[in-house]
Each structure stands twice: as C-alpha cells, then as structure tokens.
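The sequence and structure come next.

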Amino acid sequence: MQNPEIERGKMAFQHYCHSCHPGGEGGLGPALNDKPLPGFLVKQQVRWGLGVMPSFGEDKISAEELDLLVEYMAALRKSG
C-alpha cells in the first residue's frame, strides 16, 4: 500500500483497532476484513459501539482519522 492516506489509516487502525481485530482478522472482536459494510455503517459502529465494542467519540478518533481508517479497511478487504 503506497497511498499515504491509506498508510495513515493503517496507523489509526493499529492504534485503535488492532488489539481486538488483529490485522482485520478475528481476535477479541470479530473479523473486519470480510465485512462488506458501507463506510457510513463502519463509522456508525465506531462512534456508537455495539455489544462489547466500545464507542469512540470525536474526542478519541477525529473525523479525519475515522475517514482514513475506513479507507484503510476498504483497502484491506480489497487486498484480502
């Protein structure tokens, strides 16, 4: 992945998501790289949480970081 925005999204993923979804695979949380969800639903899940997933408000993940994270997740699904 050479795209700088995708790389920034990867950094956000590593920081916020990797511990529960290692590499997009299942771990403490479910696999993410096989979910063909539209970006707005991913954002809603991140913002509001669901089940054991915590919510991440804008005070934790900025709107820009969330956009980059969703781009990275889409790239991860495409490459997988």
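This is a predicted model: local features need pLDDT of at least 70, side-chain atom pairs count only at pLDDT 80 or more; totals for chains, interfaces and linings use all residues.

Gly51 sits in the loop between helix 2 and helix 3. From the C-alpha of Gly51 to that of Pro22 the distance in space is 19 Å, and the two residues are 29 apart in sequence.

Gly27 belongs to the loop between helix 1 and helix 2. With a relative accessibility of 47%, Gly27 counts as partly exposed. When residues up to four places away in sequence are not counted, Gly27 touches Cys20 and Pro22.

## Gln14

Gln14 is part of helix 1. Its relative accessibility is 37%, so Gln14 counts as partly exposed. Gln14 and Ser55 are separated by 41 residues in sequence, and their C-alpha atoms are 17 Å apart in space.

## Aromatic pairs

A pair of aromatic rings is described by two quantities, the distance of the centres and the angle of the planes. How many aromatic pairs does the model contain? The count comes to two.

One of them joins Phe13 and Tyr72, with 5.5 Å from centre to centre and 55 degrees between the planes, and this pair is tilted. Phe13 is in helix 1, residues 4-16, and Tyr72 is in helix 3, so the pair ties together parts 59 residues apart in sequence. Phe13 is buried, its relative accessible area being 0%. Tyr72 also counts as buried, at 4% relative accessibility.

Tyr16 and Phe56 form an aromatic pair as well, and here the geometry is edge-to-face: the centres are 6.2 Å apart and the planes make an angle of 70 degrees. The angle falls in this class because planes over 60 degrees apart count as edge-to-face. Tyr16 lies in helix 1, while Phe56 lies in the loop between helix 2 and helix 3, so this pair links parts that are 40 residues apart in sequence. Phe56 has a relative accessibility of 16% and counts as buried.

## Cysteines

The number of disulfides is zero. The cut-off is a pair of cysteine sulfur atoms within 2.5 Å.

Cys20 is likewise in no disulfide, its nearest cysteine sulfur being that of Cys17, 8.6 Å away. Cys17 is buried at a relative accessible area of 12%, whereas Cys20 is partly exposed at 26%. Cys20 is also one of the residues that Gly27 touches.

## The largest pocket

Rolling a probe the size of a water molecule over the atoms shows where empty space is left. The largest pocket has a volume of about 500 Å³. Its lining consists of 23 residues. Which of these residues lie nearest the centre of the pocket? They are His21, Pro30, Leu32, Gln45 and Met53.

Helix 2 (39-48) and helix 3 (63-79) are the elements that each give two or more residues to the lining of the largest pocket. By residue type, the lining divides into 17 nonpolar, four polar and two charged residues.

## His21

His21, one of the residues nearest the centre of the largest pocket, is located in the loop between helix 1 and helix 2. Is His21 buried or exposed? His21 is buried, with a relative accessible area of 10%.

Apart from neighbours within four places in sequence, His21 is in contact with Phe13, Gly29, Pro30 and Leu32. Among these partners, Phe13 is the ring paired with Tyr72, and Pro30 and Leu32 are listed with His21 among the residues nearest the centre of the pocket.

Terms used: Residues are numbered from 1 along each chain as its sequence is written. Side-chain values use heavy atoms; hydrogens and water are left out. On a 1 Å grid over the protein atoms alone, a cavity is a set of points where a 1.4 Å probe fits but cannot get out, and a pocket is an open set with protein on both sides within 12 Å along at least five of seven lines; lining residues have an atom within 4 Å of a point. Grid points are joined across faces, edges and corners, and a volume is the space filled by probe spheres set on the points. Helices (H or I, at least four residues) and strands (E, at least two) are DSSP runs, numbered from the N terminus. Ala, Val, Leu, Ile, Met, Phe, Trp, Tyr, Cys and Pro count as nonpolar, Asp, Glu, Lys and Arg as charged, and the others, Gly among them, as polar. Rings of Phe, Tyr and Trp (its six-membered ring) pair if their centres lie within 6.5 Å; planes under 30 degrees apart count as stacked, over 60 as edge-to-face and the rest as tilted. Buried means under 20% relative accessible area, exposed over 50%, partly exposed in between (1.4 Å probe, protein chains only). Contact means heavy atoms within 4.5 Å.
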